[in-house]
Amino acid sequence: MQKSKYWHKLDNAAKVFPAVSKKQRSNVFRIAFYLNDKVNSDVLSEAVNITLKRFQVFNIQIKNGIFWNYFSENKNTYKVEQEPDEVCKFFKFDNNQGFLFKVYYYENKISLETFHSLTDGTGALEFLKSIVYEYLILMGNKIDHENYILSRKSFSNKENEDSFNVNYDPKVKKKLKEDRAYHLTGDVFKNYWTLVFKIKTNKDEVLQMVKTKYDATVTQYVAALIAYSIYDEGVSVKQSKKPIKMFIPVNLRPYFDSVTLRNFSLYIKASFDPRKKWTFEEMLELTKVDFLEQLNFLDLKMRLGTLVSLEKNVFVRFVPLFIKNIFFKIGFQMLGESINTSSLSNLGIVRLPNQMKEFVKDVDFINSGPGINSTIITYQDNLNISINTIIKDLSVIKSITDQLILDGINITVDTNYEEGYDEIL
């Protein structure tokens, strides 16, 4: 049963984002559904507010405590907005009635942009699925939810749990030491405008090629492909002593039997010495080894224990929030951005009720951040790879598409970039 008055602490992954987020690093990501028909904004606003009554994790605002930030119930009514030109733009919560998410509409598209303190991609996808379902119902459609839509299922307190703390074992830890990673450099778009390059492929075609030709997973293949493109196109990278590091977030819910809607993911990484002469195939083989070593319950459990133990340190717990925020910024620079060349997030397959599939044509997933950030999402026959960057140089993106074509994959591309943007932005 849901509580009448609701508040909770920020989870382990969420604590750092309020301190380090800014215009050039918004820590906002987007998931979007494309419908058959033009969106009715008034009905969409109603659908969001209906859904919020069921999703306490999203119906909150952030408050400043003495020692930590915390979330409390948000009693405001949400109103959707027309989609702006910029993707995953940093936004101030005070200007959003306290909410930590945005719901946009544009023609036939419904987009959810979420601040990462609120949830991760898995939690956001469940929220958006319910919003779109309630919207379609309000528009007069009869759709059997088939237990795929959380707003039509019974509430469970486990949806609100901090699964980092629930699964924390102080006896199981792993020493985390990271070298600084190579960073892409070059001119950036004005005001950190984000270029989005979407590659649409056929799911079965990609799966068959990756399995038969490389004996790999799609995530391993794309991670190695991005790393190799950075290596192959970079002039300074081959002279750098800093490794190319691909960071890949892992959804921890299947490993720890969790259904939380809050953040519950950790990164694994694939790392490459740029001073070595690499082929794409060699990078992919090393990626597979890195995945095998890190993507297992024990390793994830130890890393979870190390991260949670930091926040449970007595000194850290009772340091005032304004001092913590200073250390968060320093720590994020040392153990966040500085050790990461690029990231790849695979949100997996979007599962909808059969009748709902008739109304949803496609799905997007976009992440933000410095350098190059990439995502994968699968819906129906489509496997969509989105590459997002604030850097004007498009050579890495071209290298990625060239390899896909070389491997026999039929692709179509869509982008918000137009000729001349590198001159005017």
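A residue is termed buried when its relative accessible area is under 20%. The legends below concern a predicted model.

**Figure 1. Strand E8 between its two partner strands.** Strand E8 spans residues 195–202. Because six of these eight residues are buried, E8 is largely enclosed by the rest of the structure. Eight bridges pair E8 with E14 in the antiparallel sense, and within E14 the residue opposite Thr201 is Leu383. E8 also pairs with strand E15 (residues 412–415), again in the antiparallel sense, over four bridges. Here Phe197 has Thr415 of E15 as its bridge partner.

Figure 2. Strand E14 comprises residues 382–389 and includes Thr389. The relative accessible area of Thr389 is 2%, and this residue is therefore classed as buried. Two backbone atoms are reached by the Thr389 side chain: the oxygen of Gly371 at 2.9 Å and the nitrogen of Ile391 at 3.0 Å. Beyond residues up to four places away in sequence, Thr389 touches Phe189, Trp193, Thr194, Leu195, Gly371, Ile372 and Ile397.

**Figure 3. The five-stranded open sheet.** The strands of this sheet follow the order E5-E6-E7-E2-E12, with mixed pairing. Strands E5 (81–82) and E12 (360–366) stand at the edges; each has a single partner strand, so one side of each is left without a neighbour in the sheet. In general, strands of a sheet pair through backbone hydrogen bonds, in either a parallel or an antiparallel arrangement. E5 and strand E6 (residues 101–106) run parallel and are joined by two bridges. Across this pairing, Gln82 stands opposite Tyr105 of E6.

**Figure 4. Helices H2 and H3 against the sheet.** Helix H2 (residues 41–52) lies across E6 and strand E7 (109–115), and runs at about 155 degrees to E6. Helix H3 (residues 121–138) also packs on the sheet, where it touches strand E2 (28–35), E6, E7 and E12. The direction of H3 makes about 30 degrees with that of E2.

**Figure 5. The largest nonpolar core and the contacts of Phe101.** The largest nonpolar core contains 58 residues, of which Ile31, Phe33, Phe101 and Val103 touch the most other members. At least two residues of this core are supplied by each of E2, H2, E6, E7, H3, E12 and strand E13 (372–379). The largest share, nine residues, comes from H3. Phe101 is in contact with Val48, Leu52, Phe58, Tyr78, Phe91, Asn96, Leu112, Glu113, Thr114, Leu118 and Phe127, neighbours within four places in sequence being left aside. Apart from this core lies another, of 57 residues, which includes Phe164, Tyr182, Ile244 and Ile400.

**Figure 6. The antiparallel pair E9 and E10.** Strand E9 (residues 244–251) pairs with E10 in the antiparallel sense over eight bridges. Within this pair, Ile248 stands opposite Ile268 of E10.

**Figure 7. Lys357 in helix H12.** Helix H12 consists of residues 354–357 and contains Lys357. With a relative accessible area of 26%, Lys357 is partly exposed. Its contacts, apart from neighbours within four places in sequence, are with Leu352, Tyr379 and Gln380. The C-alpha atoms of Lys357 and Ile143 are 9.9 Å apart in space, although the two residues are separated by 214 residues in sequence.

**Figure 8. Overview of the protein chain.** The chain contains 14 helices and 15 strands. Of its 425 residues, 55% count as buried. Among contacts with a separation of 6 or more, 76% are between residues 24 or more positions apart. The accessible surface of the chain comes to about 20100 Å², and 51% of this surface belongs to carbon and sulfur atoms.

How values were computed. Residues numbered from 1 in each chain as written. Predicted model: local features only at pLDDT ≥ 70, side-chain atom pairs only at ≥ 80, totals over all residues. Heavy atoms only, no water. Buried < 20%, exposed > 50% of the residue type's maximum accessible area, 1.4 Å probe, protein only. Contact = heavy atoms within 4.5 Å. Areas by Shrake-Rupley, 256 points an atom, 1.4 Å probe, with all protein chains shown as cover. Pairing = 2+ DSSP bridges. Polar contact = N/O pair within 3.5 Å; in protein donor to acceptor, adjacent residues only side chain to side chain. Axes fitted to C-alpha atoms, helices over the stretch in contact; angles between N-to-C directions. Core = buried A, V, L, I, M, F, W, Y, C linked by side-chain atoms within 4.5 Å.
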